[in-house]
Each structure stands twice: as structure tokens, then as C-alpha cells.
Amino acid sequence: MEEIKILLVEDERKIAESLKKGLSEQGYYVEVAYDGLIGKKLFETYPFDLIILDINLPGLNGYELCKEIRRHSERIPVVMLTALNTTSDKIEGFDAGADDYIVKPFDFKELLVRIRALLKRIYHNIPTGNILKVADLTMNLDSKEVTRAEKPISLTAKEFQLLEYLIRNKNRVVSRADIALNVWDIDFDTKTNVIDVYVNFLRKKLDKDFETRLIHTQVGMGYILKENP
């Protein structure tokens, strides 16, 4: 593969310079923007393979910049790198379209592992079909449309990824660790309830208005999406 190009949007210059140096030493090409508006302009002007964003940015914050990026591309991986560490902060980041969320201070080696996992998922992914179906639930991977009993269901990008993983593993119990690794590309952190929160988001959208529930909890083990509940 040709040289991977990374856009780093970070207003703390010491952190930006340190990250650029470390990533460059790993063979990545890194372009730095010190505010959100410049980051947006660079993204729209040059092709990048991965984006790293701070959230508290001058000009345009990381949440809004991530949304702008997602309007142009659903494919490009976005990593949020920030000091904001509450569950609501993380949910807002994932809802904006981030693929991963890393809290400062962080271990540079961990960042490298996350970057490699995202790049591998994006550039070595093997298509397995454009339409997924379970019971009366249909998921179109191309149009990003989801329906149940022909009723449209609106999902965020992260909810869509979570549902896709559950469908691909239908009738099988998946643990929180499985979900963390395969949907968030991270090791499961027992101190966060982000996964449970997102499963509940899906339940409200997929099961609340229907007589038959699809998503079930296996106490002490994880979750299962059942084709024939």
C-alpha cells in the first residue's frame, strides 16, 4: 500500500508536534491543522486515509468537523483524541461519526494499535453482501437504510455499525468484549457503559414499537439478536 496520509487536527502545538514526529517515524505522512476551520479546508482539498481530531478546537469544534467529514465520506476512519472523558462526551463523539475515541493522557503505542486496526478494517475489508436480513428487519449496506416490517428506522453511524455486527452474528451470544473489539476496535473497558447505552438505543428504535423483540440480554454473558425469538 502507498504511504498512508493522516490529517491531525490539534490546537495544542506541543501535542501536535509530538504526534506528528511519532507517526512520521512509523512511516505515516502527517498534515497538521491547529484549528477546526483549517482542518476542514485541508480535508476538502487533499485526500487523507485517516483523521485524528481534538474536540475543543478554535474555529470549528471536533464534533462539528466530524459531522462535516461524514457528509463527504462514510468510509474514512476518524479518531477523536480528547481530554473529555464522560460517557455523554463519548456518545456525542460516536454520534457525530467518530470510529474511535481516545482520552488524553494516552499511551502512544495504544494510539498506534487503534490506527492500525481502523486502517486494516477499512482497507482489507471483504464485502459480504449488500443486504442483510433477520426476521422482518432489513439492512441495506449501500444506502445505509434500515427497515423493520417495511417501516424506516433512522440510525446513527455507530448504531448502524453495532446493528450490522449483531446481524452478522445472529442467534449467537456476543459479549461486551466482542462488541468493543469488533465495533469500536478497542479492548473492553469495564468502567464505561457506552456499549450498554448503544444497545439500549437500538432496542428503543428496533423493538419498542413491535410485538416481537429481536435483541435479548443473556445475563452475565452479553447480547443476542434472535432471528426466531
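## Basis of the description

The model is predicted, and local features are taken where pLDDT is at least 70, side-chain atom pairs count only at pLDDT 80 or more, and totals for chains, interfaces and linings use all residues. Residues are numbered from 1 along each chain as its sequence is written, and side-chain values rest on heavy atoms, with hydrogens and water left out.

Helices (H or I, at least four residues) and strands (E, at least two) are DSSP runs, numbered from the N terminus.

## The parallel sheet

Five strands form an open sheet in the order E2-E1-E3-E4-E5, and their pairing is parallel, where two strands pair if DSSP finds at least two bridges between them. Strand E2 (29–33) and strand E5 (100–103) are the edge strands, each of which pairs on one side only. On average, neighbouring strands of this sheet are turned by 20° against each other, direction ignored; axes here are lines fitted to C-alpha atoms, for helices over the stretch in contact, and angles run from 0 to 180 degrees between N-to-C directions.

Within this sheet, strand E3 (residues 50–53) runs parallel to strand E4 (residues 78–82), and 3 bridges join the two. Leu-53 stands opposite Met-80 in E4. Helix H3 lies across strand E1 (5–9), E3, E4 and E5, and runs at about 175° to E4.

## Helices H2 and H3

Helix H2 (residues 36–45) and helix H3 (residues 62–72) have axes that come within 10 Å and cross at roughly 15°. That angle makes H2 roughly parallel to H3, given that angles under 35 degrees count as roughly parallel, over 145 as roughly antiparallel, 65 to 115 as roughly perpendicular and the rest as oblique. The crossing of H2 past H3 is right-handed, a crossing being right-handed if the near helix is turned clockwise from the far one by less than a right angle, and left-handed if anticlockwise.

From H2, the contact (heavy atoms within 4.5 Å) involves Gly-36, Gly-39, Lys-40, Phe-43 and Glu-44, while H3 contributes Leu-65, Glu-68, Ile-69 and His-72. These residues divide into 3 nonpolar, 3 polar and 3 charged, where Ala, Val, Leu, Ile, Met, Phe, Trp, Tyr, Cys and Pro count as nonpolar, Asp, Glu, Lys and Arg as charged, and the others, Gly among them, as polar.

## The antiparallel sheet

An open sheet of 4 strands has the order E6-E7-E8-E9, with antiparallel pairing. Its edge strands, strand E6 (131–134) and strand E9 (151–153), each pair on one side only, and neighbouring strands are turned by 25° against each other on average, direction ignored.

E6 pairs with strand E7 (residues 137–140) over 4 bridges in the antiparallel sense, and Val-134 stands opposite Leu-137 in E7. Helix H6 packs on this sheet, where it touches E6, E7 and strand E8 (145–148), and its direction makes about 120° with that of E7.

## Helices H6 and H8

Helix H6 (residues 157–168) also packs with helix H8 (residues 194–206), at an angle of about 85° and with the axes 10 Å apart. H6 and H8 are therefore roughly perpendicular to each other. On the H6 side the contact is made by Lys-158, Glu-159, Leu-162, Leu-163 and Leu-166, and on the H8 side by Tyr-198, Val-199, Phe-201, Leu-202, Lys-205 and Leu-206. By class, this contact has 8 nonpolar, no polar and 3 charged residues.

## A buried arginine

Arg-114 is placed in helix H5 (residues 108–123). Its relative accessible area is 10%, so Arg-114 is buried (under 20% is buried, over 50% exposed and in between partly exposed, with a 1.4 Å probe and protein chains only). Arg-114 and Asp-100 lie 14 residues apart in sequence and 7.8 Å apart in space, C-alpha to C-alpha.
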